[in-house]
Amino acid sequence: TLEASLSETLTKIFQDPSLRILGFGISQDLSKLAASFPHLQCFREFHSVIDLQALTRQVYLETSKQFMSSLQKAVAILFRKKLDKSEQCSEWDRRPLRSGQLEYASLDAAVLPKMLKEMVTDNPIVERENGYFLKKHSHLQSSFRFSPLPDDDSVAYRVPMGSIKHSLNLKFARQMWPTFKKTPLMPQVMQLDQQENKNRPRSVKKEKKAKTGRNIKKNAISVSVLTGDLQSLPQPGIKLGYTKDSVIERVVRKQVIDSLPNDSYLQYNRRGGIIELGNVFLLFVNFGVGKTHHKYRNEFLSEGRQVTFTINQSRFEDGELFQTLLSCGDNSMYYQKPVLFFVRGSTRDKFLFCGRAKYLRHDEQDGDLIDLILELINYDKLVENSESVSDDSTTYLSIVASQDRNNESY
């Protein structure tokens, strides 16, 4: 068939390491492409992918990360031209595409080879490598592999050099590695043997810990391989626990966490406010914790119905969240990966579950910082439950009032 012939041809192109694939923040684009056509083999694997956003940080060493943080900014700096991005969030699932959309897509692709040439031509950093710049910086040429997975929450997967992703209602493993390095193994099923751990006597666990003197955990389990039980979430307004681990346990289900190997621990950025599970984002706001950075705004709006959440799009987790929110919008074509919001007033408080949050808009600060404006979908239930079940004087509205006073004094 025509589709089979096209897939065969594109497979030869995409998997040929001598042919370079250019993009700017390209990983999200490849993920959407693989999810849009899961039945076509050609979109399962890509080699020699060069992300020009990553390249800018290697060829312009004396500049900040914010120097060319977006394609629009890079075009403005390199060519002194404005790249119109007004069609970015238009209805791409409607056919036929409008002429403006076709022009936007064509221009986004056509500008990339010109950008690469402009970056490397007469660049002293590139020239000093005598033609071996990309070979020396092997991480700049990446390979991607996308493996569709059954949507079964009873099993987890070990994904070498990658993680579990969801897009367009599909679950798949995304792996990424330097093109000319060793290819990682395919994703492997990691059975969650709940019964074995559940039946093990608690006294045996304590005895083993006492005997060794300490509990050494060596096996890191990325939280991206876990999926939240979105049908059994606690009610908004309920306090969950003092740590992010305790929150993850409630979202994923305690039985799943208990079924993981005894020597394992959950791996995620413990200092960040964004945690991405396989099918949901968890956002955390700690008021009164650590040093205050006024560039990172966490403020309540509309009496707590809305909240600002500052991200740095140059960071991986932040960029993934931002791209997902922009891609979803009101476009039913894309998998609507939900966002769950958690807040606490101080380290003495437990995290309060605020329910789901949805993206309203964003405001750009200087550099890579972006203020997301999020709306709490379950606001009424959050306020009602928080007032009725709070075991102390700290309720959601009291946290809102406290932060409003702090902002006024500042």
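## A five-stranded open sheet

In this predicted model, 5 strands form an open sheet with mixed pairing. Their order is β1-β2-β3-β6-β5. The edges belong to β1 (21-23) and β5 (162-167). Each of these has a single partner strand, so one of its sides has no neighbour in the sheet. From one strand to the next, the twist averages 40°.

Strands of a sheet pair through backbone hydrogen bonds, in either a parallel or an antiparallel sense.

## Strand β3 and its partners

Strand β3 covers residues 141-149. Is this strand buried or exposed? Of its 9 residues, 8 are buried, so β3 is largely enclosed by the rest of the structure. The cut-off for buried is under 20% relative accessible area.

One partner of β3 is β2 (residues 45-51). The two run antiparallel and share 4 bridges. Phe46 has Phe144 of β3 as its bridge partner. Glu45 stands opposite Arg145 in β3.

Strand β6 (residues 170-178) also pairs with β3. This pairing is antiparallel too, over 8 bridges. Here Ser143 has Trp177 of β6 as its bridge partner.

## Helix α3 on the sheet

Helix α3 (residues 52-59) packs on the sheet. The helix touches β1 and β2. Its direction makes about 40° with that of β2.

## Helix α3 against helix α5

Helix α3 also meets helix α5 (residues 99-120). Their axes come within 11 Å and cross at roughly 10°. Angles under 35 degrees count as roughly parallel. The two helices are therefore roughly parallel to each other.

Which residues of α3 meet α5? They are Leu52, Leu55, Thr56 and Val59. On the α5 side, the residues are Leu112, Met115, Leu116 and Met119. The contact comprises 7 nonpolar residues, 1 polar residue and no charged ones.

## The protein as a whole

The protein has 410 residues, and 46% of them count as buried. Its secondary structure consists of 14 helices and 16 strands.

How values were computed: Residues numbered from 1 in each chain as written. Predicted model: local features only at pLDDT ≥ 70, side-chain atom pairs only at ≥ 80, totals over all residues. Heavy atoms only, no water. Buried < 20%, exposed > 50% of the residue type's maximum accessible area, 1.4 Å probe, protein only. Pairing = 2+ DSSP bridges. Axes fitted to C-alpha atoms, helices over the stretch in contact; angles between N-to-C directions. Contact = heavy atoms within 4.5 Å. Parallel < 35°, antiparallel > 145°, perpendicular 65-115°, else oblique. Nonpolar A, V, L, I, M, F, W, Y, C, P; charged D, E, K, R; others polar.
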